[in-house]
There are 2 protein chains.
Amino acid sequence: MSDTDKPLVLVVDDEAAQRALLSYNLQAAGFRVLTAGDGEEALLVAVESPPDVILLDWMLPRVSGIEVCRQLKARAETRQAAVIMVSARSEEGDRVRGLETGADDYIVKPYSVNELVARVRANLRRVRPVAAGQVLKAGDITLDGERHKVSRDGQDLHLGPTEFRLLGALMERPGKVWTREALLDRVWGRDIHVDTRTVDVHIGRLRKALCAHGGADPIRTVRGAGYAIG
Amino acid sequence: MSDTDKPLVLVVDDEAAQRALLSYNLQAAGFRVLTAGDGEEALLVAVESPPDVILLDWMLPRVSGIEVCRQLKARAETRQAAVIMVSARSEEGDRVRGLETGADDYIVKPYSVNELVARVRANLRRVRPVAAGQVLKAGDITLDGERHKVSRDGQDLHLGPTEFRLLGALMERPGKVWTREALLDRVWGRDIHVDTRTVDVHIGRLRKALCAHGGADPIRTVRGAGYAIG
DNA sequence: GGGGCGCGTGACGGTTATGTGACGATGGTT
DNA sequence: AACCATCGTCACATAACCGTCACGCGCCCC
């Protein structure tokens, strides 16, 4: 139940001891953790159950971390995950190459566990504020990312999964006008073949849910542009 | 629709791999991307559909990047685009020569994709503030590109999509007198066949909207030339 | 002063974007 | 197996918006 809500971190490292250490600490910090011992396994696992954050060791047997990162960023299921490259070297060249392939952050060994967890949190908050369990507010609407609950004026509301994610996206930046394409990217995932009008329908359902106990429509339609909240 | 709103970036590089990498990352960052493999192609493409930002490799076959830049800055269609020169060398001399020919920015290989995207964004803010989500002010009028909101003296105003874009164009350069043709290019998009008088009508509607809550007409008509704001 | 020209503007028909109810498909649960 | 919730698509209605026209006015130049 509340287990599926927790952010999912994938740890990719060829040393079992390292995997165990990170896994333990990350779980203690409230994340679900998957592990993989090499690049191929990492790709399989990541596609199977797409993580929110991926800790990727630079040195991997067979397939290099850099290549894994490239492939992760090329797949629809894993593209929006935050990738943190972990490296034993500190050369600037590697750093540059790591970021070039699309890594979102970079951490150099040796590091403290606290620092690592902090980095994971920071990236998570950036990529998935709702999944990070933050509480968002816009006007009289409150969205609890941890409990997956939405309330208006104290009244709890019932939303479907898609409506919840849609509202989450809108509330990440109250006032910002999202195009339908941007919302499809954010809520449905990239290159999912879904008609852009589907957004309209779900906005309609979301509106109905938000106004179930009365109150004005909090969602603003901007003709020719998209939708915004607040 | 919202597609026309997205900023357009032209990538000029003779290496296909480089073009693909940049293209992918820029698209992921929300830009539309065109590519060209040499200087001649770049000029053709740029005139055909004028980009907002041009990434121009220094080393190009046949025509040098510096020459392409000069020609781009000499043409009306591409003059207002931001040109970012990309160079493998780091000599100060080249940098100076690059900026002398009219390049707006300069980036040296190797660079991280994040850095590059940041540079593109920065230049875009200068060239296309509204699409970049900037907030523009002219007198007592405020236009918020991200929220698609216009207010005067604190009062929110309601504008149609075309009026919004029209006001955006005018406010990007307060005081500048725009010809009707220039506004048609900018607001309606080129290769749209629309009567130039249509501009007048929309200026009229815009005026009405801007003065809905009182205040003087902020738009100045320059007889025989066009319109300006501020 | 008169004519020409450029501009402002109200009206109007056509087009487009959006709201919304209905429907079948899907997958999980009892 | 039947039920329930949710999803994506479609079709239709409607309201907002657009582009054009026509008319009238004021400015400018002769």
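**Notebook: DNA strand D and side-chain pairs**

I sorted the residues of the surface near DNA strand D and found eight nonpolar, nine polar and eight charged. In this sorting Ala, Val, Leu, Ile, Met, Phe, Trp, Tyr, Cys and Pro count as nonpolar, Asp, Glu, Lys and Arg as charged, and the others, Gly among them, as polar. A residue is near the strand if one of its heavy atoms lies within 4 Å of it.

The model is predicted: local features need pLDDT of at least 70, side-chain atom pairs count only at pLDDT 80 or more, and totals for chains, interfaces and linings use all residues. Residues are numbered from 1 along each chain as its sequence is written, chains are lettered from A and ligands numbered from 1 in the order in which they are written, and side-chain values use heavy atoms, with hydrogens and water left out.

**DNA strand D**

I listed the 25 residues that surround DNA strand D; the closest are A:Thr162, A:Arg205, B:Thr162, B:Thr198 and B:Arg205.

A polar backbone atom of A:Asp195 is 2.9 Å from a phosphate oxygen.

**Aromatic pair**

I searched the whole structure and noted one aromatic pair over all chains. The ring centres of B:Trp58 and B:Tyr106 are 6.5 Å apart and the planes are at 70 degrees, so the pair is edge-to-face. Rings of Phe, Tyr and Trp (its six-membered ring) pair if their centres lie within 6.5 Å; planes under 30 degrees apart count as stacked, over 60 as edge-to-face and the rest as tilted. I checked burial (buried is under 20% relative accessible area, exposed over 50%, partly exposed in between; 1.4 Å probe, protein chains only). B:Trp58 is buried at 7%, and B:Tyr106 is buried at 4%.

**Salt bridges**

I found 23 salt bridges over all chains, each a side-chain nitrogen of Lys or Arg within 4 Å of a carboxyl oxygen of Asp or Glu. One of them joins B:Asp38 to B:Arg62, with the closest N and O atoms 3.1 Å apart. B:Asp38 is buried at 14%, whereas B:Arg62 is exposed at 66%.

Terms used:
Polar contact = N/O pair within 3.5 Å; in protein donor to acceptor, adjacent residues only side chain to side chain.
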